[in-house]
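Hello,

Here is the structure I promised to pass along. Have a look, and then read on for what turned up in it.

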Amino acid sequence: MSELTVFDIQKFALHDGPGIRTTVFLKGCPLNCVWCHNPESKKRALQLAFFKKNCISCKNCQMVCKEGVHAVTQSGHHIDYSRCMQCGECEKACLSHGLKMYGKKMESQKILETVLKDKDFFIRSGGGITVSGGEPMLQFEGLLGLLKEAKKEGLHVCLDTCGYADTAEYSRIAPYVDLFLFDYKLTDKEKHKSYTGVDNALILKNLDYLCRNKSMMYLRCPVIPGINDDEAHFQRITELSQKYENIVQVNLMMYHDMAKGKSEQIGEEYALKDVKTMTEEEKKKIYERVRSFGCFKLRES
């Protein structure tokens with residue numbers, strides 16, 4: 001029985017592959033994208049989050065914490081995240097849902113039981129299970145076990161991946177994946193390393209491998225103002241979509257600033273604090289620009 005570190009399971013997901021889906025989010029990622037909209041997913045370890053608006057200063061967390069993480073004073077609720085041992089006792093003691101521990105260990109069978117509760121919706125809509133992150137491939141053996149069991153149950157399987165894992169692992173897992181949601185973040189190698197922490201050589205290798213081996217794929221492209229919203233990048237997205245027939249759809253993931261608040265909740269500073277959520281007019285113009293290059297597989301979300 002394989003075990004995975006999960007930080008969320010979302011039912012009735014409509015943007016993580018075809019049909020109605022249940023998306024399982026796994027913790028941990030080898031990349032460190034400055035725009036990451038799930039900053040709580042980056043670390044494999046469990047993480048404490050504080051929701052300031054919910055806090056009623058009951059001091060229960062301060063009383064149960066043996067590490068001195070919490071200090072509730074007249075000036076507010078102060079948290080020393082560096083002291084946290086991820087025991088979760090403060091979350092249990094909190095009276096107002098002001099604290100949450102992101103991440104929990106779950107056996108693959110338990111995850112699958114949760115997903116299968118909505119199997120009827122999957123059948124009617126052409127949906128299924130999507131595994132996302134973080135980067136699911138970082139928990140490869142547990143992921144492989146989960147997907148094998150999902151296929152035994154007849155589920156349609158999507159895997160959302162940044163492409164940064166051993167090619168041999170993609171070879172092993174591909175038979176159990178019906179559709180890859182493959183991230184394509186930046187075209188320039190140096191910019192990719194600067195903004196994500198790694199270059200894109202391995203990612204491009206895995207993209208080519210999966211497409212040449214007939215794996216079906218949606219190419220998912222985050223668009224970040226001032227970072228990758230340039231014509232050279234849009235042109236390359238179009239070229240990739242034309243080169244590989246297995247790329248059946250291109251999705252532009254337009255930037256929003258939701259991660260600013262989420263970063264604050266886990267005690268981290270958000271790198272793009274001055275970048276604003278894109279307006280509908282800005283999104284429309286980008287879709288028009290990408291289509292102008294001949295990207296006919298583009299689908300608006």
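Is Cys94 buried or exposed? Cys94 counts as buried, at 19% relative accessibility; buried means under 20% relative accessible area, exposed over 50%, and partly exposed in between, with a 1.4 Å probe and protein chains only.

A word on the source: this is a predicted model, in which local features need pLDDT of at least 70 and side-chain atom pairs count only at pLDDT 80 or more, while totals for chains, interfaces and linings use all residues. Residues are numbered from 1 along each chain as its sequence is written, and side-chain values use heavy atoms, leaving out hydrogens and water.

Now the cysteines. Taking a disulfide as a pair of cysteine sulfur atoms within 2.5 Å, the count is zero. For Cys84, the closest cysteine sulfur is that of Cys90, 6.2 Å away and too far for a bond. Cys84 is also buried, with a relative accessible area of 12%. Cys94 is in no disulfide either, as its nearest cysteine sulfur, in Cys58, lies 5.7 Å away.

S3 runs antiparallel to strand S6 (residues 99–102), joined by four bridges (strands pair if DSSP finds at least two bridges between them). Gln47 has Tyr102 as its bridge partner in S6.

Finally, helix H10 (residues 258–265) is followed by Gly267, whose phi is positive, near 75°.

Best wishes

Note on methods. Helix = DSSP H or I, 4+ residues; strand = E, 2+ residues; numbered from the N terminus.
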